[in-house]
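Please open the model in your viewer and keep the selection tool at hand.

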Amino acid sequence: MIFDIENTRHDFPILKKKVNNKKLVYLDSAASAQKPLSVINSMKRFQEEEYSNVHRGIHYLSNLATDQYELSRKKVKDFINANSENEIIFTMGATDAINLVAQSLSHDFFTKEDEIILTVMEHHSNIVPWHFLREKCGVNIKWINCDDNGNIKVKDFIKAISNKTKLISITQMSNVLGSEIPLKEIISIAHDKNIRVLVDGCQGIAHLNTDVQDLDCDYYVFSGHKLYGPTGVGVLYGKYDLLETMHPWRGGGEMINEVFKDKVTYSKPPSKFEAGTPNIVQAVGLGAAIDYFNEKKKQGLFHYEEKIAKYFHNEMSKLPRVKVYGKENLKSPMVSFTVDGSHPHDIATIVDKEGVAIRAGQHCTQPLLDFFNLSSTARASIGMYTNKNDIDIFINSLDKAISFFD
Ligand SMILES: Cc1ncc(COP(=O)(O)O)c(C=O)c1O
């Protein structure tokens, strides 16, 4: 079956919306993707017919809800090819998942002699939790730069790794430049030195095939809302033997084995890391998003996106006074750019009048913007519903904005 863009667009009700009396052109999917009807309906149906708390009751609805919640865990496991459902922890999102790992490892894994390696391309979500660790345990953070086109070189990791390095935390795909990272090579080098690797899959999950066993990463995180699922749910994958040794970071119901007045024992992963009532409805929605995404992937989604991305980059290259960052990466689903003589916020405001939604600012990546000596960029990012017409409307509106600043 061939990927059918018009059918796909029909599945996203929000695309029918008019913005400023214009057709909505949504080019902000890297910030958050829109939701297909099947995801919206799955959560509605679940709440109308099957909702209850999970893992707690023996009554009919509680069992039904638990089955649905656990079915979503299985869908995530299959989707990223984890070894077992017990390696999948539901979190509130990627930020929450990285904080979980950092806080948990702060308990007894790191000492103040240790080093962590990050790249300048990381999202603040993959920086600030490690700063907490620096503040708490005194670990040293080492930084890897990218080159001018936004590529990360394996040799820079080899140089940065020392016998004090305990962890590398790295994005799968830059949320500004769309660059892909040579993860397998980096992970293999790290493991030779007994270094753990966490992969931030927030952007990669929606545009790349992800197989955590093939990558051999120790941890992998992503947010449901970037994968056409709901907000409020995300995933931490961790190798089971590592999860088993990690201290839980939040305490509450469900994550315990026994609670006494003077001591507590913890349950096994994943429940050890899921304290309290989880985001049940959102987890069900994420399961539906994975079903939908898998179907689109089978139909050739990635090939379609690559074609649109190339078209987009090519059209951008024709515009005067526009500088695209990472412009050699023609497959990148996001295009970050500046326009000589105008502020990215003004560009975003002008194109919004034409119904086009793009993002402007730091994109939560201040170290990367510092690297390029910038305070902000505009970013347009595609999703599975982006068609050529969207790109043409955006290019025309950007062209108008550029003339406005002439
Ligand atoms: C690469 C990357 N990492 C982490 C995050 C944080 O995701 P969330 O805010 O859903 O936790 C984002 C969100 O933009 C991202 O793009």
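At what angle do helix α12 and helix α15 pack, and how far apart are their axes? Select residues 301-317 for α12 and residues 388-404 for α15: the two pack at an angle of about 20°, with their axes 10 Å apart. Before going on, note that this is a predicted model, in which local features need pLDDT of at least 70 and side-chain atom pairs count only at pLDDT 80 or more, while totals for chains, interfaces and linings use all residues. Residues are numbered from 1 along each chain as its sequence is written.

Helices here are DSSP runs (H or I, at least four residues) and strands are runs of E of at least two, both numbered from the N terminus. Axes are lines fitted to C-alpha atoms, for helices over the stretch in contact, and angles run from 0 to 180 degrees between N-to-C directions. Angles under 35 degrees count as roughly parallel, over 145 as roughly antiparallel, 65 to 115 as roughly perpendicular and the rest as oblique; α12 and α15 are therefore roughly parallel to each other.

Now show the side chains of Ile308, Tyr311, Phe312 and Glu315 in α12, which meet Lys388, Ile391 and Ile395 in α15 (contact requires C-beta atoms, placed from the backbone, within 7 Å).

Next, select α3 (residues 60-80) and α11 (residues 280-298), whose axes come within 8 Å and cross at roughly 45°, and which are therefore oblique to each other. From α3, the residues in this contact include Ala65, Tyr69 and Phe79, and from α11 they include Ile280, Val284 and Asp291.

Then move to α7 (residues 183-192), where Leu183, Ile186, Ile187 and Ala190 are buried (20 or more other C-beta atoms within 10 Å of the residue's own; 12 or fewer is exposed, and in between is partly exposed, with C-beta atoms placed from the backbone). Viewed down the axis of α7, the buried residues fall within an arc of 95° (taken from the directions from the helix axis to the C-beta atoms), so they line one face of the helix. Glu185 and Asp192, on the other side of α7, are exposed. Following α7, asparagine 194 has a positive phi, near 65°.

Finish at aspartate 352 in α13 (residues 344-353), which counts as partly exposed, with 17 C-beta neighbours inside 10 Å.

Terms used. Contact = placed C-beta atoms within 7 Å.
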